[in-house]
Amino acid sequence: MQKHRLLVADDHPAFLTKLVLLLTSNFDVVATATDGNAVLDLIRRYAPDLVILDLDMPGLNGIEVTRELAKSSKDPPVLICSIITDPDVVEAARQAGALAYVFKTRIEQDLILASKSVLQGKPFPLPASH
């Protein structure tokens, strides 16, 4: 069975590596980026099934990239990862079109589940912030 194709973006190289390592057992990570502007170019080039974005990146941030992608029905769904647990920020990400928001402190527990949920077109429920 062919694995879903993912694009992963985070401006911290060590965390980007961690994300890719977590995801590769279940998915095919076809591209990575460290800034929001590169994400849009890579999506056009690789046509991933899902985009996993850091919230705070140089260039376009995760919410701005999500807004751009939401303008087209053929663009992939978005999952945002962040250390920010502020409910207003989480809501802003959802309003922009993100189907999931995973706190970086829960990445090992939630990233694969959230990714699978989004790939099925279902929003991923958020854990209570701590």
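User: What handedness does the crossing of helix 1 and helix 5 have?
Analyst: Helix 1 passes helix 5 in a right-handed crossing. A crossing is right-handed if the near helix is turned clockwise from the far one by less than a right angle, left-handed if anticlockwise. This is a predicted model: local features need pLDDT of at least 70, side-chain atom pairs count only at pLDDT 80 or more, and totals for chains, interfaces and linings use all residues. Residues are numbered from 1 along each chain as its sequence is written, and side-chain values use heavy atoms, with hydrogens and water left out.

User: At what angle do helix 1 and helix 5 cross?
Analyst: Roughly 60 degrees, with the axes coming within 10 Å. Axes are lines fitted to C-alpha atoms, for helices over the stretch in contact, and angles run from 0 to 180 degrees between N-to-C directions. That makes helix 1 oblique to helix 5. Under 35 degrees counts as roughly parallel, over 145 as roughly antiparallel, 65 to 115 as roughly perpendicular, and the rest as oblique.

User: Which residues meet there?
Analyst: F15, K18, L19, L22 and L23 in helix 1 meet I107, E108, L111, I112 and S115 in helix 5. Contact means heavy atoms within 4.5 Å.

User: Which residues of helix 1 are buried?
Analyst: F15, L16, L19 and L23. Buried means under 20% relative accessible area, exposed over 50%, partly exposed in between (1.4 Å probe, protein chains only). Down the axis of helix 1, the buried residues fall within an arc of 105 degrees, so they line one face. That arc is taken from the directions from the helix axis to the C-beta atoms.

User: And what is exposed on the other side of helix 1?
Analyst: P13, A14 and L21.

User: What do the buried ones pack against?
Analyst: The buried residues of helix 1 pack against strands 1, 2, 3 and 4, and helix 5. Helices (H or I, at least four residues) and strands (E, at least two) are DSSP runs, numbered from the N terminus.

User: Switching topic. How do helix 2 and helix 3 cross?
Analyst: Their axes come within 9 Å and cross at roughly 30 degrees. That makes helix 2 roughly parallel to helix 3. G36, V39, L40 and I43 of helix 2 contact V65, E68 and L69 of helix 3.

User: What about A47, where is it?
Analyst: A47 lies in the loop between helix 2 and strand 3. Its phi is positive, about 45 degrees, although A47 is not a glycine. Most residues other than glycine have a negative phi.
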